[in-house]
Amino acid sequence: MTSPFAQMLESIRRQRGVTASLIAAETDGVIVDARLQVGQRGDRVAALAASLYRKARRSATAAGFGAVGFMHLEAEKGRLCAVGRNGLVLIAVARRDANIGLIRVELLRAAEGLA
């Protein structure tokens, strides 16, 4: 049986520099569906991204900034991008040299499918 998120995850995964695409529950980081390269730890990525997104959303609301539209974490060995809708977080893991602008556009477009 094909996941309802398969096409969404594939469109993100096809972006140059993206090594993984996942959908996780915002509350606990449990993976709903994922497209990972062999050897990637999707459970850890999902838990980290969901936790960061949840905290960013709560902090932005508390500070009066409104809703979080896009979250980007840049680290020594790569980048983590996330958008959320309806209790789900759509996540992209990318290499440091990836074009974040293109990934952002694709994530926001794909997130419409979570609404």
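Guide: Two strands pair if DSSP finds at least two bridges between them. Helices (H or I, at least four residues) and strands (E, at least two) are DSSP runs, numbered from the N terminus. This is a predicted model: local features need pLDDT of at least 70, side-chain atom pairs count only at pLDDT 80 or more, and totals for chains, interfaces and linings use all residues. Residues are numbered from 1 along each chain as its sequence is written, and side-chain values use heavy atoms, with hydrogens and water left out.

Visitor: In what order do the strands form the open sheet?
Guide: The sheet has 5 strands, and their pairing is antiparallel. Strand 2 and strand 3 are the edge strands, each pairing on one side only. From one strand to the next, the twist averages 15°. The order is 2-1-5-4-3.

Visitor: Which residue of strand 5 is the bridge partner of R85?
Guide: Strand 4 and strand 5 are antiparallel partners, with 7 bridges. They form a hairpin with 2 residues between them. The partner of R85 in strand 5 is L88.

Visitor: Which residue of strand 5 is the bridge partner of A20?
Guide: Strand 1 also pairs with strand 5, over 7 bridges in the antiparallel sense. L80 has V93 in strand 5 as its bridge partner. For A20, too, the partner in strand 5 is V93.

Visitor: Which residue of strand 4 stands opposite A75?
Guide: Strand 3 (residues 71-75) and strand 4 (residues 78-85) run antiparallel, joined by 5 bridges. A hairpin links strand 3 to strand 4 through 2 residues. Opposite A75 stands G78.

Visitor: Is N86 buried or exposed?
Guide: N86 sits in the loop between strand 4 and strand 5. Its phi is near 50°, a positive value in a residue other than glycine. Buried means under 20% relative accessible area, exposed over 50%, and partly exposed in between (1.4 Å probe, protein chains only). At a relative accessible area of 61%, N86 is exposed.

Visitor: How many residues of strand 5 are buried?
Guide: L88, L90, A92 and A94 point one way from strand 5, and V89, I91 and V93 point the other way. Both groups are buried. Strand 5 is therefore largely enclosed by the rest of the structure, and its buried residues number 7 of 7.

Visitor: How far apart are the C-alpha atoms of L90 and L107?
Guide: L90 lies in strand 5 and is buried, with a relative accessible area of 0%. Contact means heavy atoms within 4.5 Å. Beyond its neighbours within four places in sequence, L90 is in contact with residues including M8, L22, C81, L107 and L114. L90 and L107 are 17 residues apart along the chain, yet their C-alpha atoms are separated by 7.2 Å.

Visitor: At what angle do the axes of helix 1 and helix 3 cross?
Guide: Axes are lines fitted to C-alpha atoms, for helices over the stretch in contact, and angles run from 0 to 180 degrees between N-to-C directions. The axes of helix 1 (residues 6-13) and helix 3 (residues 100-111) come within 9 Å. The crossing angle is roughly 175°.

Visitor: Which residues of helix 3 meet helix 1?
Guide: Helix 1 brings M8, S11 and I12 to this contact. Its partners in helix 3 are E106, L107 and A110.

Visitor: At what angle does helix 1 run to strand 1?
Guide: Helix 1 lies across strand 1, strand 2 and strand 5. Its angle to strand 1 is about 145°.

Visitor: How many Å does helix 2 reach from its first C-alpha to its last?
Guide: Helix 2 (residues 42-62) has 21 residues. The expected span is 1.5 Å times one less than the number of residues. That gives an expected 30 Å, and the model comes close to it. The reach in the model is 30 Å.

Visitor: Which strands do the buried residues of helix 2 pack against?
Guide: The buried residues of helix 2 are G42, A46, A49, A50, S51, Y53, R54 and A60. After the helix comes G64, with a positive phi near 80°. The buried residues pack against strand 1 (18-25), strand 2 (31-36), strand 3, strand 4 and strand 5 (88-94).
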